[in-house]
Amino acid sequence: MAFLKLTSFIHFRFPPLLLAAGVALLALTAHAAPRKPSDDSEVLERLPTRAGDASARELLALRAAMAAAANDPLPAARLAQRYFELAMARGDPRYVGYAEAVIAGFPEPLPPELLSIRGMLRQYRHGFQAALDDFAAALARNPQLAQAHAWRAAIFLVQANYAAAQQECAALQALGKTILQASCRGLALAYGGQLAAGYGALQQALASSRDPDNRLWLLTRLGEVAAWRGQPKLAEEHYREALSIGRDDGYLLAAWSDFLLDSGRPGEVLRELADWESSDTLLLRLAEAAALENAPDAARQAQTLDDRFAAARQRGDTTHRAEEARYALHLRKDPASAVRLAAENYAVQREPRDARILLEAAIAAGDPAAAQPARDWLRDSGFEDQRLRELGQRSAPGPAQAASRAGAPR
């Protein structure tokens with residue numbers, strides 16, 4: 001997760017998503033055999049553009065500016081950042097491959113602007129330590145680089161290291177990034193067992209922000225926090241205001257769809273996500289809603305997800321474990337696989353959504369031990385969402401299991 005908009009070319013929006021290796025195509029057709037091109041110049045696929053979409057013209061101009069600037073890193077940073085934004089907004093990791101290719105064209109040592117963007121790309125594919133190294137190197141060369149602090153806070157939040165995240169929030173305050181600091185602090189407080197205080201900090205940031213992208217991000221997170229606080233009406237108001245801004249944003253659509261699914265409204269998910277099958281994270285929600293509604297496309301959508309996860313495994317890509325765990329639990333009805341995948345995912349990232357799928361899978365699989373890390377997090381963080389706390393209680397071992405474990409040799 002990242003925080004808001006800082007400069008003309010650095011734009012932060014939402015948590016680390018999932019990256020396919022390089023420019024590999026995630027949206028493979030069913031049962032398509034892999035093929036290695038014989039010529040590096042061969043065009044495998046042209047990314048789709050939406051009607052009236054100015055992105056293609058914008059990217060053309062950014063590429064021309066980079067080509068004309070020779071070794072100047074700033075035009076390259078603008079282009080790589082725009083690719084990253086498109087990956088975020090549309091859930092299409094191929095844009096991240098393009099951003100990586102831009103940065104790979106510059107020799108080491110990279111300037112701080114490119115180091116910071118490379119860190120963003122590395123966290124996207126869950127290379128968290130490598131990303132932290134890049135951000136530290138960028139800050140060593142440019143201590144004023146606020147986005148590096150913001151992304152370090154994002155990683156620490158994913159890792160449930162809330163004290164370290166708060167230190168990065170304080171660094172943002174020291175740099176005079178008041179809105180960014182309030183956004184950072186709001187999430188750190190919410191994740192760390194202070195939902196009301198976290199909500200207040202996010203509201204403070206929203207009241208001070210006029211940028212539509214920043215407001216979309218803040219409204220989305222306010223919707224999540226309100227839902228965690230057991231305030232569904234307020235949560236829906238925040239989500240609908242975010243949607244009314246009219247920006248493509250994959251994280252907003254995923255959070256809104258999860259809210260609708262939790263509210264027993266799968267039919268609305270089908271309408272909201274009808275044009276978003278190219279995004280794996282959104283296709284997962286769409287397939288869940290289709291299964292609940294017995295929709296005609298339910299089997300096809302589930303098979304498409306299965307094919308994409310199989311392709312990721314063939315590439316050795318393990319970054320989709322949380323989504324695959326949810327798919328295994330809710331669509332394949334395979335709790336044993338779901339709990340294994342959820343446990344592997346939780347070893348890497350520990351946000352509330354990661355804890356939730358681990359708890360749900362462990363309950364379904366009858367495996368209390370697997371859920372222990374999530375229960376430990378609930379205890380240590382004090383996270384206040386009632387749904388997760390109830391899942392934590394349900395996942396705990398029963399009296400017979402607890403007695404057996406207590407008597408086991410150490």
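**Figure 1. Helices H5 and H6 cross with their axes within 9 Å of each other.** In this predicted model, H5 covers residues 128-141 and H6 covers residues 146-158. Their axes cross at roughly 155°. Angles over 145 degrees count as roughly antiparallel, and H5 and H6 are therefore roughly antiparallel to each other. The crossing in which H5 passes H6 is left-handed. To find the contact on the H5 side, look for Phe128, Ala131, Leu132, Phe135, Ala136 and Leu139. On the H6 side, look for Ala148, His149, Trp151, Arg152, Ile155, Phe156 and Val158. Sorted by class, the residues of this contact are 11 nonpolar, 1 polar and 1 charged.

**Figure 2. Helices H8 and H9 have axes that come within 7 Å.** Here H8 spans residues 178-191, and H9 spans residues 195-208. How are H8 and H9 oriented to each other, roughly parallel or roughly antiparallel? The crossing angle is roughly 160°, and H8 and H9 are therefore roughly antiparallel. Their crossing is left-handed. From H8, the residues that take part are Ile179, Ala182, Ser183, Arg185, Gly186, Leu187, Leu189 and Ala190. They meet Leu195, Ala197, Gly198, Ala201, Leu202, Ala205 and Ser208 of H9. The contact of H8 with H9 counts 10 nonpolar, 4 polar and 1 charged residues.

**Figure 3. Helices H10 and H12 cross at roughly 20°.** H10 is made of residues 212-228 and H12 of residues 250-262, and their axes come within 10 Å. Angles under 35 degrees count as roughly parallel, so H10 and H12 are roughly parallel to each other. H10 passes H12 in a left-handed crossing. H10 brings Leu216, Thr220, Arg221, Glu224 and Ala227 to the contact, while H12 brings Tyr251, Leu252, Ala255 and Phe259. Of these residues, 6 are nonpolar, 1 is polar and 2 are charged.

**Figure 4. Ser55 is a buried residue in helix H1.** H1 runs over residues 55-68, and Ser55 belongs to this helix. What is the relative accessible area of Ser55? The value is 6%. Buried means under 20%, so Ser55 counts as buried. Leaving aside residues up to four places away in sequence, Ser55 touches Arg82, Leu86 and Arg90.

**Figure 5. A cis peptide bond leads from Glu108 to Pro109.** Most peptide bonds are trans. The bond from Glu108 to Pro109 is cis, and its omega is near -5°.

**Figure 6. His126 has a positive phi although it is not a glycine.** Most residues other than glycine have a negative phi. For His126, phi is about 70°. You will find His126 in the loop between H4 and H5. Is His126 buried or exposed? With a relative accessible area of 14%, His126 is buried.

**Figure 7. Asn294 is a residue other than glycine with a positive phi.** The phi of Asn294 is near 55°. Asn294 is located in the loop between helix H14 (280-293) and H15. Exposed means over 50% relative accessible area, so Asn294, at 68%, counts as exposed.

**Figure 8. Asp317 and Thr319 are joined through their side chains.** The link is a polar contact of 2.6 Å. Asp317 lies in the loop between helix H15 (298-315) and helix H16 (321-330).

**Figure 9. Ala369 is an exposed loop residue.** The loop that holds Ala369 runs between helix H18 (352-365) and helix H19 (372-381). The relative accessible area of Ala369 is 52%, so Ala369 is exposed. Now find Ser395, which is 26 residues apart from Ala369 along the chain. The C-alpha atoms of Ala369 and Ser395 are separated by 8.6 Å.

**Figure 10. The protein chain has 21 helices and 0 strands.** This last legend steps back from the close-ups. Of the 410 residues in the protein chain, 53% are buried. Which share of the contacts with a separation of 6 or more joins residues 24 or more positions apart? In the protein chain, the share is 60%.

Notes: Residues are numbered from 1 along each chain as its sequence is written. This is a predicted model: local features need pLDDT of at least 70, side-chain atom pairs count only at pLDDT 80 or more; totals for chains, interfaces and linings use all residues. Side-chain values use heavy atoms; hydrogens and water are left out. Axes are lines fitted to C-alpha atoms, for helices over the stretch in contact, and angles run from 0 to 180 degrees between N-to-C directions. Helices (H or I, at least four residues) and strands (E, at least two) are DSSP runs, numbered from the N terminus. Angles under 35 degrees count as roughly parallel, over 145 as roughly antiparallel, 65 to 115 as roughly perpendicular and the rest as oblique. A crossing is left-handed if the near helix is turned anticlockwise from the far one by less than a right angle, and right-handed if clockwise. Contact means heavy atoms within 4.5 Å. Ala, Val, Leu, Ile, Met, Phe, Trp, Tyr, Cys and Pro count as nonpolar, Asp, Glu, Lys and Arg as charged, and the others, Gly among them, as polar. Buried means under 20% relative accessible area, exposed over 50%, partly exposed in between (1.4 Å probe, protein chains only). A polar contact is a pair of N or O atoms within 3.5 Å; within protein, one must be able to donate a hydrogen and the other to accept it, and residues adjacent in sequence count only if both atoms are side-chain atoms.
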